[in-house]
Amino acid sequence: MPVLAMIGSLVGALVDLGGPGHYVHWGFIQISWGNLIVIGLMAIVFILAIALPFPHRGGDDQ
Amino acid sequence: MTVTDPSAHSTAADPGVAADRPEDADQWTAKVRAAAVGALPPQKLLPDRQPAYVASWIYVFGVTTISALIVVIGTGMLLAIMGPNWWHVSSTGLFVNSLHLWSVEIFFFAMVIHLWGKFFMAAWRGRRAATWITGVVTFLVSVGAAFTGYLSQQNFDSQWISTQAKDGINSTGVGAIFNVTNFGQMLMWHIVLLPLAVVVLVGIHVLLVRLRGVVTPFRARTVGDGPPGDDVTTTATGEVTA
């Protein structure tokens, strides 16, 4: 079990999810850090999906 | 008794499509079969190749969404089979419960990127409005499916969400028939009605994509051109015509 406990603490949540949520307040906008981070990640993945070349075999183009 | 060769009325172009007997050609089954295969022949329904412009990472998020949906449905079925005592107490049940949650997270993550990609491509061009609309409706129904899922957790989180949501829902009048504090009703919506709606809508959406093909990119502008139009059309197999 100590091994499992160690793995649990290593891969567990980076932020303590047991307490009250953390929020960003900007004027009338209020959003949780969790939601803001997910939206940011989606934007990053969207940009990478457009920018990164897609691997495909040469001569495959129609 | 008349014995008819089943292949007598099928041609090489439409094997098994035509009615076995001439007198059956007017049957609604024969007409529907002919219309379905005519609109979506097997090669178009499950093509081996896609147009060259599909070779981009932005095109993988639709199928990522469907893959996540398969995991959502599969883990949801496991949760339904084993029941709340299992998913709340057993370590395996908690693991499957977490798989259900995180596959939903991936489902929405991929679906939103798919939505952004298709929005900036104006993917409704070329008689693809129905494809776009079924995608949008699927997104909205999925939000409802996720919402009722959060209400079905049977913990303080679901209690908080339902009591917060009831005022908003009641202000619309929908609360008269959709009571977010009625656990049984929300569970039935979550595990029967909304998943069925999502799966049917996704099925129609994918069939429409196969029927109309993947939307073409905007034509590159050159000096003297007008605004980018959508006068370039393509078939599902990638033939591009101007």
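The following legends describe close-up views of a predicted model.

**View 1. The interface between chain B and chain A.** In this predicted model, 18 residues of chain B are in contact with 17 residues of chain A. The area buried between the two chains is about 1,400 Å², and carbon and sulfur atoms give 75% of that area.

**View 2. Polar contacts and residue classes between chain B and chain A.** One residue pair is in polar contact between chain B and chain A, with both residues at pLDDT 80 or more. On the side of chain B that touches chain A, helix α5 (residues 91-120) of chain B gives the most, with seven residues. That side of chain B divides into twelve nonpolar residues, five polar residues and one charged residue.

**View 3. The second largest pocket and its centre.** The second largest pocket holds about 1,100 Å³ of space. Its lining consists of 45 residues. Nearest the centre of this pocket lie Tyr59(B), Gly62(B), Val63(B), His114(B) and Val209(B).

**View 4. Elements that line the second largest pocket.** Helices α3 (61-82), α5, α6 (129-151) and α8 (183-212) of chain B are the elements that give two or more residues to the lining of the second largest pocket. The largest share comes from α6(B), with seven residues. By class, the residues of the lining are 24 nonpolar, 13 polar and eight charged.

Notes: Residues numbered from 1 in each chain as written. Chains lettered and ligands numbered in written order. Predicted model: local features only at pLDDT ≥ 70, side-chain atom pairs only at ≥ 80, totals over all residues. Heavy atoms only, no water. Contact = heavy atoms within 4.5 Å. Buried area = accessible area lost by both parts, 1.4 Å probe. Polar contact = N/O pair within 3.5 Å; in protein donor to acceptor, adjacent residues only side chain to side chain. Helix = DSSP H or I, 4+ residues; strand = E, 2+ residues; numbered from the N terminus. Nonpolar A, V, L, I, M, F, W, Y, C, P; charged D, E, K, R; others polar. 1 Å grid on protein atoms, 1.4 Å probe; cavity = no way out; pocket = protein on both sides within 12 Å on 5 of 7 lines; lining within 4 Å. Points joined across faces, edges and corners; volume = space filled by probe spheres on them.
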